[in-house]
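Please look over the sequence and the model shown here before reading the notes that follow. They take up a pair of helices, then the nonpolar cores, then a helix and a loop residue.

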Amino acid sequence: MTDETEITLTVNGTEHTVEVEPRRLLVHTIREDLDLTGTHIGCDTGNCGACTVLKDGEPIKSCLMFAAQADGAEILTVEGMEDLPAADDLHPLQEGFREEHGLQCGYCTPGMLIAGKALLDENPDPEEGEIRDAISGNLCRCTGYQNIVRSIEYAADELDARAAADGGTVAADGGADASAGSADAPAGDADTFCGLEDCCGGPEGESFDDQFDRDYLGGDGE
């Protein structure tokens with residue numbers, strides 16, 4: 001006799017049917033049953049946001065939801081971002097994190113990207129404070145947040161430019177219509193945990209490009 005339940009999840013556009021125990025968390029199903037390890041596990045208590053995914057378009061912390069509760073849902077993980085309509089090889093948010101150095105150790109990055117996407121879907125032209133509010137449930141212990149905010153602003157500008165190039169008819173991945181305007185790079189006064197001066201410095205002996213190539217923006221970083 002088994003107490004497993006069959007559920008169906010559409011993850012990054014692909015439908016999966018899996019057997020799960022009632023107590024199995026969604027994040028474990030995503031990582032271990034579907035082998036999508038771009039979604040990270042940090043605190044396992046919903047505090048750090050590393051496990052953030054989109055469920056039916058809404059950002060959730062997948063360590064706080066049983067997999068069975070997501071039966072029938074559409075899930076977007078960081079691996080699916082490069083396949084979104086707004087992506088050109090990389091999604092503008094992924095480009096932004098690369099161009100603005102929005103990651104250091106990279107552990108929080110998948111959750112930050114998903115939180116950023118949820119924001120831009122609702123608000124294509126956010127103010128700095130709105131960005132900081134949107135990522136307030138996602139912790140970063142390396143960058144001090146300044147570069148993460150710049151990365152999301154970069155993505156907002158890029159999505160706006162692409163929408164303008166398409167005659168203003170293309171919105172960010174099906175979200176609200178993009179509008180004109182851009183945000184200047186913010187400076188200082190970040191809500192930091194470690195701050196740039198005291199940051200850990202990231203993995204030793206590794207260049208930023210090497211770090212990026214380890215698929216922190218959409219791959220299988222553990």
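At roughly what angle do the axes of helix H2 and helix H5 cross? The axes of H2 (residues 92-99) and H5 (residues 146-165) cross at roughly 135 degrees and come within 8 Å, where axes are lines fitted to C-alpha atoms, for helices over the stretch in contact, and angles run from 0 to 180 degrees between N-to-C directions. This is a predicted model, in which local features need pLDDT of at least 70 and side-chain atom pairs count only at pLDDT 80 or more, while totals for chains, interfaces and linings use all residues. Residues are numbered from 1 along each chain as its sequence is written, and side-chain values use heavy atoms, with hydrogens and water left out.

**The pair H2 and H5**

- H2 and H5 are oblique to each other, a word kept for angles that are not under 35 degrees (roughly parallel), over 145 (roughly antiparallel) or 65 to 115 (roughly perpendicular).
- Helices (H or I, at least four residues) and strands (E, at least two) are DSSP runs, numbered from the N terminus.
- On the H2 side, the contact (heavy atoms within 4.5 Å) is made by Pro92, Leu93, Glu95, Gly96, Phe97 and Glu99, and the residues on the H5 side include Ile148, Ile152 and Arg162.

**Nonpolar cores**

- A nonpolar core is a set of buried Ala, Val, Leu, Ile, Met, Phe, Trp, Tyr and Cys residues joined through side-chain atoms within 4.5 Å, and buried means under 20% relative accessible area, with exposed over 50% and partly exposed in between (1.4 Å probe, protein chains only).
- The largest core has 28 residues, and those with the most contacts inside it are Met112, Ile135, Ile148 and Ile152.
- H2, H3 (109-122) and H5 each supply at least two residues of this core, and H3 gives the most, with seven.
- Another core, of 16 residues, lies apart from it and has Ile7, Leu26, Leu36 and Ile60 among its members.

- The buried residues of H1 are Leu26, Val27, His28, Thr29, Ile30 and Arg31, and what covers them includes strands S1 (5-11), S2 (14-20), S3 (52-55), S4 (58-61) and S5 (74-76).
- Ala67 lies in the loop between S4 and S5 and counts as buried, at 0% relative accessibility.
- Leaving aside neighbours within four places in sequence, Ala67 is in contact with Ile7, Val20, Arg24, Leu25, Leu26 and Thr29.
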